[in-house]
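The following note sets out some points for colleagues who wish to examine this model. Please read the points alongside the coordinates.

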Amino acid sequence: MSILVIAEHDNAEVKASTLNAIAAAKAIGGDIDLLVAGSGCGAVAEAVARLDGVTRVLVADAAHYADQGAENVAELISSRASGYSHVLAPATTFGKNVLPRVAATLDVAQISDIIAVESADTFKRPIYAGNAIATVQSADAVKVITVRTTAFEAVGEGGSASVEAIDAAVDTGMSSLVGRELTVSERPELGAAGIIVSGGRGLGSGENYHQLLEPLADKLGAALGASRAAVDAGYVPNDYQVGQTGKIVAPQLYVAIGISGAIQHLAGMKDSKVIVAINKDEEAPIFQVADYGLVADLFEAVPALTGELG
Amino acid sequence: MKILVPVKRVVDYNVKVRVKSDNTGVDVANVKMSMNPFDEIAVEEAVRLKEAGIATEVVAVSCGVAQCQETLRTAMAIGADRGILVQTDEELQPLAVAKLLKAICEKENPELVVLGKQAIDDDANQTGQMLASMMKLPQATFASKVAIADGKATVTREIDGGLETLTMPLPAIVTTDLRLNEPRYATLPNIMKAKKKPLDNFTPADLGVDVSPRLKTLKVEEPPKRSAGVKVADVAELVAKLKNEAKVI
């Protein structure tokens with residue numbers, strides 16, 4: 001068996017999500033080829049060649065892969081897929097955008113967001129916002145899979161794979177990038193953070209969110225997250241959102257502040273190791289999943305907590 | 001310009017689903033069903049484009065059991081002009097739905113197809129991308145803003161870490177994210193009017209599409225339960241527990 005893993009990167013650095021996808025490939029077993037499609041991405045290729053478990057790094061360096069557009073990247077993957085038993089990518093917005101396009105070209109089903117490998121053709125994945133876990137078996141010749149990054153421990157370094165340049169596929173010229181607006185943050189990335197401090201509608205305003213949660217996050221070295229209610233109310237940008245439709249996280253510690261705990265929010269964080277809830281409503285559903293619950297007014301409890309950590 | 005909007009009938013998002021005791025699936029008998037929330041956003045966007053004079057016709061499509069007609073009527077009450085039902089009792093997976101939609105697209109020749117980014121039952125997030133691939137068309141997934149002008153779509157997408165804006169010629173495939181718009185409620189007069197709008201019926205066989213499932217579901221289980229937590233009295237106790245008991249700070 002040989003497995004093709006699609007590396008997610010920004011042409012300068014490989015994204016942490018790739019390391020989790022490689023871990024899933026190792027769980028399936030077999031030779032692992034990593035595909036790096038980009039423009040001026042030589043540094044990325046060298047970095048991923050050192051990752052544990054990687055057999056070969058295939059680099060397609062061309063201007064039309066600079067933006068990681070779905071049409072061009074999918075075209076390249078589809079052209080390389082024959083001969084592989086599995087094609088894997090992380091279930092990030094990048095992987096979710098590209099892989100179904102590949103699966104359709106190959107006329108195979110895609111298995112989304114796997115959380116466990118049972119065997120080479122059988123996988124577990126959550127459905128209904130994580131309220132049920134389905135075990136699915138694929139009979140397709142090539143299994144096209146996206147991997148839930150929080151479900152697989154990132155691989156470390158220790159490999160020395162060969163790096164081979166491969167030909168680029170034709171430029172489909174279907175879409176072009178106008179621009180990107182990325183949220184600038186000094187804090188750890190939400191998807192990879194060990195501790196997350198997350199706020200909901202209970203905070204009342206964006207000002208309160210920043211005033212109360214930032215000092216606490218700084219004390220804990222935590223990333224900041226939010227419920228959909230807080231995002232919709234405009235307290236923070238939408239890439240802070242944790243939940244079924246936002247990011248799926250599984251940190252060591254998740255602190256939910258002023259979050260009631262709707263099904264869709266729980267879908268994004270209930271695999272956290274320890275969950276703390278601070279809410280003044282003792283009936284809030286968040287207390288059903290919280291390891292430690294504090295029924296209190298967050299406007300008093302959060303500054304007190306920040307002070308206590310002093 | 002014609003816009004095609006695929007809509008899916010799913011278990012209502014407020015329902016806490018239960019796994020069947022024999023682990024064959026989720027119990028959906030006698031459970032409230034509704035239009036998938038992302039598809040409501042898709043219908044709303046298409047209707048807004050019509051109201052802005054950009055689209056001339058909005059066609060809603062649904063694939064599945066006979067009751068999907070209700071979902072199509074809801075789409076028509078929001079403002080879709082007509083409906084197409086591809087009726088089958090078979091389990092439909094995203095690849096099969098994408099093939100059915102391709103067949104419908106070839107009949108209808110829409111310049112824009114707007115789908116939800118994912119259905120809240122299978123959480124697959126595949127159908128739009130698969131349709132785009134089969135039609136060899138550009139795609140803009142997870143859209144939070146759509147502008148149509150001069151035969152081009154300019155779409156802002158929600159990506160990890162922020163936003164990105166793409167431009168692409170029509171025809172194109174767009175999938176909606178939550179923040180694209182706030183769907184309207186269907187008013188009673190519009191619900192009545194929707195009953196008179198045309199609704200065509202097909203079967204997968206009419207369209208020449210093999211819909212047999214590719215993935216076999218071996219079992220469906222409850223997720224592991226979290227052990228019951230404790231309520232702490234105050235902040236000092238919370239910090240002490242986190243430090244000494246959970247050892248996470």
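**Notes on a cross-chain contact and on chain A**

1. The side chains of Thr141(B) and Asn97(A) form a polar contact at 2.6 Å. The model is a predicted one, and the distance of 2.6 Å is therefore a computed value that lies inside the 3.5 Å limit for such a pair.

2. Where does Thr141(B) lie in chain B? Its place is strand 7, which covers residues 139–149. Leaving aside residues up to four places away in sequence, Thr141(B) touches Gln129(B), Arg157(B) and Thr175(B), as well as Asn97(A).

3. Is Thr141(B) buried or exposed? With a relative accessible area of 1%, Thr141(B) counts as buried, because this value is under the 20% cut-off.

4. Turning to chain A, the secondary structure amounts to eight helices and 16 strands. Of the contacts in chain A between residues at least 6 apart in sequence, 65% link residues at least 24 apart.

5. The radius of gyration of chain A is 21 Å; a compact globule of 310 residues would have one near 19 Å, so the two values agree. The C-alpha trace of chain A spans about 60 × 40 × 40 Å along its principal axes.

6. Buried residues account for 59% of the 310 residues in chain A.

7. Chain A carries 20 positive and 37 negative side chains. The centres of these two sets are 3 Å apart.

Methods:
Residues numbered from 1 in each chain as written. Chains lettered and ligands numbered in written order. Predicted model: local features only at pLDDT ≥ 70, side-chain atom pairs only at ≥ 80, totals over all residues. Heavy atoms only, no water. Helix = DSSP H or I, 4+ residues; strand = E, 2+ residues; numbered from the N terminus. Buried < 20%, exposed > 50% of the residue type's maximum accessible area, 1.4 Å probe, protein only. Polar contact = N/O pair within 3.5 Å; in protein donor to acceptor, adjacent residues only side chain to side chain. Contact = heavy atoms within 4.5 Å. Rg over C-alpha atoms; globule rule 2.2 N^0.38 Å. Lys, Arg positive; Asp, Glu negative; His and termini not counted. Charge placed at Lys NZ, Arg CZ, Asp CG, Glu CD.
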